[in-house]
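Trainee: Could you take me through one part of this model in close detail? I would like to follow the charged side chains and what surrounds them.

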Amino acid sequence: MFVLRPLLLLLLPLCPGPGPGPGSEAKVTRSCAETRQVLGARGYSLNLIPPALISGEHLRVCPQEYTCCSSETEQRLIRETEATFRSLVEDSGSFLVHTLAARHRKFDDNPDAGGCPSLCAGPGDWKKCGQRSA
C-alpha cells in the first residue's frame, strides 16, 4: 500500500465525488479549480486540465464518471507513476543486491559452522574447500 500512496495522492484531486444522480446537480456543475491548482503546482500545464467536470467514460485510470481528468492528464499521471514505481523497485533491488553481495563476501572470507570447517584450514582456503578430498 505504501508504494501506491503517491498514485492515490495524485488521483484524489481528480475525484469530485458522486456523479450525476438525484440531488447531485451541484456536483456536476462544480469547477475543476482545486484540481487545476494542485496539478498546476506540480508543474502540469493548465491547458491539460479542463475548467469544469467532463465525462470520463473514455479514461482507463482516472474516474470514469464526471472528472477533472483529461486523457492527456491521465497519460502524464501514468508516466509519472510508472517512473516513481520503477525508481522504488530499483532502489529496493539495489539495496538487496548490495546486501547479498556483502554477505556473500563475508561468508567466503569467514567460513563458520555453516560451511565446511573440517576441510578448510582458514579464511583463505574456503574457495579450495570444494576441491579437497575428504
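Mentor: Happy to! A residue is called buried when its relative accessible area is under 20%, exposed when that value is over 50%, and partly exposed in between. By that scale, 23% of the 134 residues in the protein chain are buried. Please keep in mind that this is a predicted model.

First, some orientation. The protein chain has four helices and two strands, and along the sequence they follow the pattern α-α-α-β-β-α. Of the contacts with a separation of 6 or more, 36% join residues 24 or more positions apart. The chain exposes about 9,400 Å², with carbon and sulfur atoms supplying 59% of that area.

Now to the charges. Side chains of opposite charge can pair when their charged atoms come close. This structure holds two salt bridges. In one of them, Glu80 pairs with Arg42, and the closest N and O atoms are 3.5 Å apart. That pair links distant parts of the chain: Glu80 sits in helix α4 (residues 71-109), while Arg42 belongs to the loop between α3 (33-41) and β1 (54-55), 38 residues apart. Glu80 also meets Arg76 in a salt bridge, at 3.3 Å from N to O. Here both partners lie in helix α4, four residues apart, or about one turn of the helix. Put together, Arg42, Arg76 and Glu80 form a network of salt bridges.

How covered are these three side chains? Glu80 has a relative accessible area of 22% and Arg76 has 23%, while Arg42 has 47%. Because each value falls between the 20% and 50% cut-offs, Glu80 counts as partly exposed, as does Arg76, and so does Arg42.

Arg76 has another neighbour worth a look in your viewer. Arg76 lies over the face of Tyr44, at 4.0 Å from the ring centre. As for ring-to-ring pairs, a search of the whole structure finds zero aromatic pairs.

Tyr44 is part of the largest nonpolar core, which has seven residues: Leu39, Tyr44, Ile49, Leu59, Cys62, Cys69 and Leu77. Leaving out residues up to four places away in sequence, Ile49 touches Thr35, Arg36, Leu39, Tyr44, Cys68 and Thr73.

Key. Residues numbered from 1 in each chain as written. Predicted model: local features only at pLDDT ≥ 70, side-chain atom pairs only at ≥ 80, totals over all residues. Heavy atoms only, no water. Buried < 20%, exposed > 50% of the residue type's maximum accessible area, 1.4 Å probe, protein only. Contact = heavy atoms within 4.5 Å. Areas by Shrake-Rupley, 256 points an atom, 1.4 Å probe, with all protein chains shown as cover. Phe/Tyr/Trp six-rings, centres within 6.5 Å; stacked < 30°, edge-to-face > 60°. Lys NZ or Arg CZ within 6 Å of the ring centre and 35° of its normal. Core = buried A, V, L, I, M, F, W, Y, C linked by side-chain atoms within 4.5 Å. Salt bridge = Lys/Arg side-chain N within 4 Å of Asp/Glu carboxyl O.
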